[in-house]
Amino acid sequence: DLRRSRQALVVLRQADGREVPAGARVTTLPQQTSFVVGLRGEVWLTDLLDKDQHLKVEWTGGGCELALPALDSNTVAPTLGPLSCTEGKL
């Protein structure tokens, strides 16, 4: 069976402009799917919704949240960002 999936490479920055550290955990909301941030604040997200959603980012000693805009269904695996997140909840 074939299943269509929205996915993207997202580049994340902290509120002060620094990269989100490698090893940080990104959780998509409301799905509660978790991903790990790699080098340069990059994270590969899959199974994204066809509407705006939120990301919760957590690492040792910190964390933040941000809104992730809906992806155009005609775009294949875009790179989004850098996107800045804010401390606390949206």
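In this predicted model, strand 2 (residues 25-29) and strand 3 (residues 33-36) pair in the antiparallel sense over four bridges, where strands are DSSP runs of E with at least two residues, numbered from the N terminus, and where two strands count as paired if DSSP finds at least two bridges between them. Within this pairing, Arg 25 has Val 36 of strand 3 as its bridge partner. The hairpin formed by strand 2 and strand 3 has three residues between the strands, and in this hairpin Gln 32 takes a positive phi near 65°. The model is a predicted one, in which local features need pLDDT of at least 70 and side-chain atom pairs count only at pLDDT 80 or more, whereas totals for chains, interfaces and linings use all residues. Residues are numbered from 1 along each chain as its sequence is written, and side-chain values use heavy atoms, with hydrogens and water left out.

When neighbours within four places in sequence are left aside, Thr 27 is in contact (heavy atoms within 4.5 Å) with Gln 32, Thr 33, Ser 34, His 54, Leu 55 and Lys 56. For Val 26, with neighbours within four places in sequence again left aside, the contacts include Leu 12, Phe 35, Val 37, Val 43, Leu 45 and Val 57.

Val 26 also belongs to the largest nonpolar core, which has 20 residues and in which the residues with the most contacts are Val 10, Leu 12, Val 20, Val 26, Val 43, Leu 45 and Val 57; such a core is a set of buried Ala, Val, Leu, Ile, Met, Phe, Trp, Tyr and Cys residues joined through side-chain atoms within 4.5 Å. Two or more residues of this core are given by each of strand 1 (6-13), strand 4 (42-48), strand 5 (53-59) and strand 6 (62-68).

An open sheet of three strands has the order 4-1-7, with mixed pairing. Its edge strands are strand 4 and strand 7, each of which pairs on one side only, and neighbouring strands of the sheet are turned by 35° against each other on average, direction ignored. Strand 1 and strand 4 run antiparallel and are joined by five bridges, with Val 11 standing opposite Glu 42 in strand 4. With strand 7 (residues 79-84), by contrast, strand 1 pairs in the parallel sense over four bridges; here Leu 9 has Thr 79 as its bridge partner, and Leu 12 stands opposite Leu 83.

Taken as a whole, the protein has seven strands and zero helices. Its radius of gyration is 13 Å, which agrees with the value near 12 Å that a compact globule of 90 residues would have; this radius is taken over C-alpha atoms, and the globule rule is 2.2 Å times the number of residues to the power 0.38. Of the 90 residues, 32% count as buried, and residues 24 or more positions apart account for 53% of the contacts with a separation of 6 or more.

Technical notes:
Buried < 20%, exposed > 50% of the residue type's maximum accessible area, 1.4 Å probe, protein only. Axes fitted to C-alpha atoms, helices over the stretch in contact; angles between N-to-C directions.
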